[in-house]
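Have the model open beside you as you read.

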Amino acid sequence: AVVSTQSGHYGRGCYRSKGQAYDDPQDYILDHTVTQYIINPEGKTVGYFMSNRNLEERVPIFLDHVQKYNEHKAAMSAKENVQPSILDSVKQLIGLSSSPAS
């Protein structure tokens, strides 16, 4: 149940398989495919690498994700720090706007 839940959580690129059934319950097949997920600080999966990519290919992709995350956070921070215009403040004061004035 846990494997099913987690594989669904990570979406594409993640799969599971029961493997081949044998007469002996002690026998099993283990798939050694490796998938590494890129998860941002907010816990969102933003990418993944399959085992066929070498380190030289992974590093630039990973750094691109880091840069995009940092740019997104900076833009959101700048947006939060924007002061409302005087007109927006007056609209809020007289009830013509639903957004709070800062």
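By salt bridge we mean a side-chain nitrogen of Lys or Arg within 4 Å of a carboxyl oxygen of Asp or Glu. Both aspartate 64 and lysine 68 belong to helix α2, and the four residues that separate them amount to about one turn of the helix. Aspartate 64 is partly exposed, at a relative accessible area of 32%; on this scale buried means under 20%, exposed over 50% and partly exposed in between, with a 1.4 Å probe and protein chains only.

Before going on, a word on what you are looking at: this is a predicted model, in which local features need pLDDT of at least 70 and side-chain atom pairs count only at pLDDT 80 or more, while totals for chains, interfaces and linings use all residues. Residues are numbered from 1 along each chain as its sequence is written, and side-chain values use heavy atoms, with hydrogens and water left out.

Now step back to the whole chain. Its secondary structure comes to three helices and two strands, and from the N terminus on the order is α-β-β-α-α. These elements are DSSP runs numbered from the N terminus, with helices (H or I) of at least four residues and strands (E) of at least two. Of the 102 residues, 7% count as buried.

How do β1 and β2 run, and how many bridges join them? The two strands are antiparallel, joined by five bridges; strands count as paired if DSSP finds at least two bridges between them. Five residues lie between the strands of this hairpin, where glycine 43 takes a positive phi near 90°.

The structure holds one aromatic pair, and tyrosine 37 and tyrosine 48 form it, tilted, at 6.2 Å centre to centre with 45° between the planes. The rule here is that rings of Phe, Tyr and Trp (its six-membered ring) pair if their centres lie within 6.5 Å, with planes under 30 degrees apart called stacked, over 60 edge-to-face and the rest tilted. Tyrosine 37 is partly exposed at 24% relative accessible area, and tyrosine 48 is partly exposed at 29%.

The loop between β1 and β2 also reaches the helix we started from. Glutamate 42 in that loop and lysine 73 in helix α2 are 31 residues apart, yet their side chains meet in a salt bridge of 3.4 Å, N to O. Glutamate 42 is exposed at 51% relative accessibility, whereas lysine 73 is partly exposed at 37%. In total there are two salt bridges by this rule.

Finally, look at the second largest pocket, which holds about 230 Å³ of space. A pocket is found on a 1 Å grid over the protein atoms alone, as an open set of points where a 1.4 Å probe fits, with protein on both sides within 12 Å along at least five of seven lines; lining residues have an atom within 4 Å of a point. The volume is the space filled by probe spheres set on the points, which are joined across faces, edges and corners. Its lining has 13 residues, and Asn40, Val46, His65, Val66 and Tyr69 lie nearest the centre. Helix α2 gives the largest share, six residues.
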